[in-house]
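Colleague: I am new to this structure and would like to go through it with you. Please put it up, and I will ask as we go.

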Amino acid sequence: PGGCPDPCECSEAAKTVKCVGRNLTAVPPDIPPYARTLFFTGNRLSRLPPGAFPAGRLPNLGALNLSGNHLRAVEAGAFASLPALRQLDLSGNPLVSLSPRAFGEGGSPLEELVLRRALRDPGVLLSVAAMLQAGALRNLSRLELGDNGLLPLPGAVFSALLALRQLDLGSSSLVGLRNDSLRPLNLSEGSLALLRNSTPAQARGLPALQPAGLGRNAWVCDCTVDDLVAWLREGDRVEGRETLTCADTDKTLGRSLQKINDSDLNCSEPLDLPSQLQTSYVFLGIVLALIGAIFLLVLYLNRKGIKKWMHNIRDACRDHMEGYHYRYEVNADPRLTNLSSNSDV
């Protein structure tokens, strides 16, 4: 029972098992029960089925690293037999599906979940959102979602994570963030261009919020940034807030967000893109109708000249067709052909 699988390296003193870079396609069933940390990385584990970890075999396993395994599917109940699991790393796997019931029906004691470079597929992002919203990970305090390209987060995705204290979205192409519950953030070195007005307002009411990292992002300084500017001026909630600058227009390019005024944002009127588009369409319709009316008026004023021009074209076509018809009759009648030849002589 205390032995070590052949492809792995075990340390009973450190309570650690390492199965690294062995091209394994399944988790060995004879992992020693003393293991508290399992490194199963760099293998070819394409899926985690129910019972991937034998029930009752690993009662003390608290940290599981499954990064870089070509893992595509995590099925329901895959982690249900790990009652002590606190840390799970699934980073670097091209996940396509992650069942919301991967941790069983009764929830999980999981506290840290790492999904860096694992949520490139839109379907798996929806599955993770459903799992978070269902409260299966109510004890989660740290969540890493960085390096996932474009990451459109659904609304209220973190509302059930009452214990969440650290959310890492660094180096993700996050275009907009619309959460119902925010905690300490790392949004640095990303493509975060817009933090919608509702987000800072929600953040003001969260006493557990710690400084958030928003550095090295290309901020769009328009009317949608006014609440963010006010939030930055309230206190020290954001690390390095002095370095946050605008990067969109010549008027505000390079200016600190904290020093932006309402006059710089040109917010005399609320920004309403749908209404602007509707006005543009109405104006375009009026212009096209005016052009059509002018065209019809020109045709009416020149109706006599147009009629004469059409008659001339008709007469010219008729003369041309009569010439063709005469030549056809000459060629078709041999007598006319000989007569024409004698006349030529």
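Colleague: Which strands each supply at least two residues of the lining of the largest pocket?

Modeller: This is a predicted model, in which local features need pLDDT of at least 70 and side-chain atom pairs count only at pLDDT 80 or more, while totals for chains, interfaces and linings use all residues. Residues are numbered from 1 along each chain as its sequence is written, and side-chain values use heavy atoms, with hydrogens and water left out. Strands (E, at least two residues) and helices (H or I, at least four) are DSSP runs numbered from the N terminus. On that basis, the strands that each give at least two lining residues are S3, S5 (63-65), S7 (87-89), S9 (112-114) and S10 (142-144).

Colleague: How much space lies in the largest pocket?

Modeller: A pocket is an open set of points on a 1 Å grid over the protein atoms alone, where a 1.4 Å probe fits, with protein on both sides within 12 Å along at least five of seven lines; lining residues have an atom within 4 Å of a point. Grid points are joined across faces, edges and corners, and the volume is the space filled by probe spheres set on the points. For the largest pocket this comes to about 160 Å³.

Colleague: Which residues are closest to the centre of the largest pocket?

Modeller: The lining has 14 residues. By class they are 7 nonpolar, 3 polar and 4 charged, where Ala, Val, Leu, Ile, Met, Phe, Trp, Tyr, Cys and Pro count as nonpolar, Asp, Glu, Lys and Arg as charged, and the others, Gly among them, as polar. Closest to the centre are Leu64, Gln87, Leu88, Asp89 and Val114.

Colleague: In the open sheet of 3 strands, what is the strand order?

Modeller: Two strands pair if DSSP finds at least two bridges between them. S6 (residues 73-74) and S8 run parallel and are joined by 2 bridges, with Ala73 opposite Ser97 in S8. The pairing in this open sheet is parallel, and the order is S4-S6-S8.

Colleague: Why is one side of S4 and of S8 left without a neighbour in the sheet?

Modeller: Strands of a sheet pair through backbone hydrogen bonds, either parallel or antiparallel. Strands S4 (47-48) and S8 (97-98) stand at the edges, so each has a single partner strand.

Colleague: How many disulfides does a search of the whole structure find?

Modeller: A disulfide is a pair of cysteine sulfur atoms within 2.5 Å. Cys4 and Cys10 meet this at 2.0 Å, and Cys8 and Cys19 at 1.9 Å. The search finds 2.

Colleague: Are Cys8 and Cys19 buried or exposed?

Modeller: The torsion about their S-S bond is about 100°, so the disulfide is right-handed. This pair links distant parts of the chain, 11 residues apart: Cys8 is in the segment before S1 (9-11), and Cys19 is in the loop between S2 (16-18) and S3 (37-39). Buried means under 20% relative accessible area, exposed over 50% and partly exposed in between, with a 1.4 Å probe and protein chains only. Both Cys8 and Cys19 are buried.

Colleague: What is the relative accessibility of Cys10?

Modeller: The link of Cys4 and Cys10 is right-handed, with 75° about the S-S bond. Cys4 counts as partly exposed because its relative accessibility is 33%. Cys10 is partly exposed too, at 28%.

Colleague: What is the phi of Asn23?

Modeller: Most residues other than glycine have a negative phi, and most peptide bonds are trans. Asn23 lies in the loop between S2 and S3 and is exposed, with a relative accessible area of 53%. Its phi is positive although Asn23 is not a glycine, at about 55°.

Colleague: Where is Arg117?

Modeller: Arg117 also has a positive phi, near 55°, in a residue other than glycine. At 44% relative accessibility, Arg117 counts as partly exposed. Its place is the loop between S9 and helix H1 (122-133).

Colleague: Which residues does UniProt list for "transmembrane region"?

Modeller: UniProt positions are given in the numbering used here, feature names are shortened, and annotations may be inferred rather than shown by experiment. The unreviewed entry lists residues 281-301.
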